[in-house]
Amino acid sequence: MTAIAAEIERFNRLSATWWDSRGPMRPLHVVNALRLDYAVAQIAAHLGRDTANALSGLRILDVGCGGGLLSEALARLGAQVVGVDASPGNVAAARLHAQSQNVTVEYRLGEPAEVLSPEERFDVVLALEVVEHVSDVPAFLTTAAACLAPGGMLFVSTIDRTFKSFVVAIIGAEYLLRVLPRGTHQWSMFVRPEELSSALAPADLQMRDLRGMRYVPLLHKASWCKDTQVNYIATFTHSAQHKRHP
């Protein structure tokens with residue numbers, strides 16, 4: 001078990017607010033478009049496709065999918081999406097919204113090791129804003145990496161464990177500006193980029209891109225930046241010997 005009971009319960013309480021773009025999940029709505037464009041561009045470059053058709057026919061796993069904000073967007077672009085989350089409230093909210101929008105996404109309740117069969121493989125695995133909420137990051141990432149097809153891509157977004165992230169992401173975002181509910185994050189659970197690389201090295205996954213993200217709470221604007229000391233996203237791919245299937 002890498003999920004933490006208190007974290008699951010907290011997300012259960014917030015589950016009804018996932019699709020309220022001006023509610024507690026507003027920051028996720030703001031960064032969602034930014035991360036979607038980034039993922040599409042990275043996938044297109046990796047596979048040699050144009051961005052308009054980058055996701056067509058791909059199997060994508062969204063681990064820690066929450067209320068399905070990104071899962072739905074990926075499905076609308078032609079991907080076959082499986083969303084996994086350990087919070088019953090999150091999965092219920094995701095299923096209800098997808099159904100109301102007539103979007104096909106397969107949502108599964110539980111942890112990846114429990115709800116994914118050993119032989120399942122995905123072209124892309126997303127673990128966005130989730131590793132800072134699990135008890136065993138290396139175990140969680142090992143499971144995610146095992147789901148990748150040869151030549152696949154893994155995206156991980158999280159918060160770096162730095163003094164700056166404590167000031168910005170916790171004191172600023174949760175206590176002063178209150179753009180996130182108090183208790184959303186614990187600084188000790190933030191993950192450094194080098195820790196991601198170390199955990200994924202045994203799976204022959206190498207970091208191909210690392211990008212910082214800046215979020216301006218008062219304006220509710222997000223943009224990419226060079227500074228990775230707070231929010232960042234990392235892209236991992238297999239080394240050359242792991243060829244993609246024809």
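Helices (H or I, at least four residues) and strands (E, at least two) are DSSP runs, numbered from the N terminus. This is a predicted model, in which local features need pLDDT of at least 70 and side-chain atom pairs count only at pLDDT 80 or more, while totals for chains, interfaces and linings use all residues. Residues are numbered from 1 along each chain as its sequence is written, and side-chain values use heavy atoms, with hydrogens and water left out.

Next, select Arg35, in helix H2 (residues 26-47). Arg35 counts as buried, at 8% relative accessibility; buried means under 20% relative accessible area, exposed over 50%, and partly exposed in between (1.4 Å probe, protein chains only).

Move on to Arg108 and Glu120, whose side chains form a salt bridge (2.8 Å, N to O). The pair ties together parts that are 12 residues apart in sequence, because Arg108 is in strand E3 (residues 106-109) and Glu120 in the loop between helix H5 (112-115) and strand E4 (122-128). A salt bridge here is a side-chain nitrogen of Lys or Arg within 4 Å of a carboxyl oxygen of Asp or Glu. Arg108 is buried at 14% relative accessibility, and Glu120 is buried at 13%.

Finally, select Glu195 and Arg161, another salt bridge, with the closest N and O atoms 2.6 Å apart. Glu195 is partly exposed at 32% relative accessibility, and Arg161 is partly exposed at 24%.
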